[in-house]
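Here is a short report on one chain. Start with the sequence and the structure, then read on.

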Amino acid sequence: MEDTHYSLILECVEYSIYRHTNEYLLSNTYIIKNNIDNSCWIIDPGDFEFIRKYIQLKLLNLNGVFLTHVHFDHLYGLEYILKCRPDVLVIGHKESLSGISCSKRNLSRYYTYEVNCILPQNIKDVKAGDIVPLWEGASMDIYETPGHDSSCLSFYFNGCLFTGDAYIPGLKTITNLPYSNKLASETSVDFISSHFDKGTIVCPGHQEHSILYKINEQ
């Protein structure tokens, strides 16, 4: 697929993981594709046209959407996904799920693009320790990593950690927004740096992915 903001992060026989850099605030959308049955999961849906074209081109079936946190630049594409698939499963922190339809909570009210998404029909509120099945033999582990926002979650799948804005390698976490907490952020960053295997691929909400041990050596 031709796209200057599109990259392959990891590929094996069973699955592939792709990253798309969105036009709005350069946030990242990730797609986990099952190479066996052509199903997929989306993490932080942004540019809907990219998502639509990718799914159509690859003839994929969208199983569900994960939200790392409530901020609009990580969920604005959900508005259009729900218009096409109102039954799609949306997974996130309870504050993310409620904030989808509130432009004040998702902060879009203060930008040029206001997001007031309809509430999904099919939602799953998750917390630390939960495990979400993706397909037979594969699952997503849930971690709570608050600080940037109280809704922040990180998702771990087969050596890849999707951190949203809770942890962006090389950048100081933003903690001057409503519902931010600097101390909680420091705790979350320390947890991510020490808890996961040094070969973990960190897939942040902005910028490139990195290997954890290389980040810790900086």
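## Cysteines

The sulfur of Cys84 lies 12 Å from the closest cysteine sulfur, which belongs to Cys117, and that is too far for a bond. The cut-off for a disulfide is a sulfur pair within 2.5 Å. Note that this is a predicted model. Cys84 is exposed, because its relative accessible area is 53%.

Cys203 is in no disulfide either. Its nearest cysteine sulfur is that of Cys160, 4.6 Å away. Cys203 is buried, with a relative accessible area of 1%. Over the whole structure, the search turns up zero disulfides. A disulfide is a covalent bond joining the sulfur atoms of two cysteines.

## Fold and dimensions

The chain holds five helices and 13 strands. How does its radius of gyration fit a compact globule, and what is the value? The chain has 16 Å. A compact globule of 218 residues would have a value near 17 Å, so the two agree. The C-alpha trace spans about 45 × 40 × 35 Å along its principal axes.

Contacts give another view of the chain. Take those between residues at least 6 apart in sequence: 54% of them join residues at least 24 apart.

## Surface and charge

How much of the chain is buried? Buried residues account for 52% of the 218 residues. The accessible surface of the chain is about 10,100 Å². Carbon and sulfur atoms contribute 52% of that surface.

The chain carries 17 positive and 26 negative charges.

## Ala138 in strand β9

Where does Ala138 sit? Ala138 belongs to strand β9, which covers residues 138–144. Is Ala138 buried or exposed? Its relative accessibility is 7%, so Ala138 counts as buried. The cut-off for buried is under 20%.

Leave out residues up to four places away in sequence, and Ala138 touches Pro133 and Phe157. Tyr80 is 58 residues from Ala138 along the chain. The C-alpha atoms of Ala138 and Tyr80 are 27 Å apart.

## Recap

Two cysteines can be set side by side. Cys84 is exposed at 53%, whereas Cys203 is buried at 1%. Ala138 is buried too, at 7%. The chain as a whole has a radius of gyration of 16 Å and five helices with 13 strands.

Conventions. Residues are numbered from 1 along each chain as its sequence is written. This is a predicted model: local features need pLDDT of at least 70, side-chain atom pairs count only at pLDDT 80 or more; totals for chains, interfaces and linings use all residues. Side-chain values use heavy atoms; hydrogens and water are left out. Helices (H or I, at least four residues) and strands (E, at least two) are DSSP runs, numbered from the N terminus. The radius of gyration is taken over C-alpha atoms; the globule rule is 2.2 Å times the number of residues to the power 0.38. Buried means under 20% relative accessible area, exposed over 50%, partly exposed in between (1.4 Å probe, protein chains only). Contact means heavy atoms within 4.5 Å. Accessible areas come from the Shrake-Rupley method with a 1.4 Å probe; for residues, only the protein chains shown count as cover. Lys and Arg count as positive and Asp and Glu as negative; His and the chain ends are not counted. The place of a charge is taken as NZ of Lys, CZ of Arg, CG of Asp or CD of Glu.
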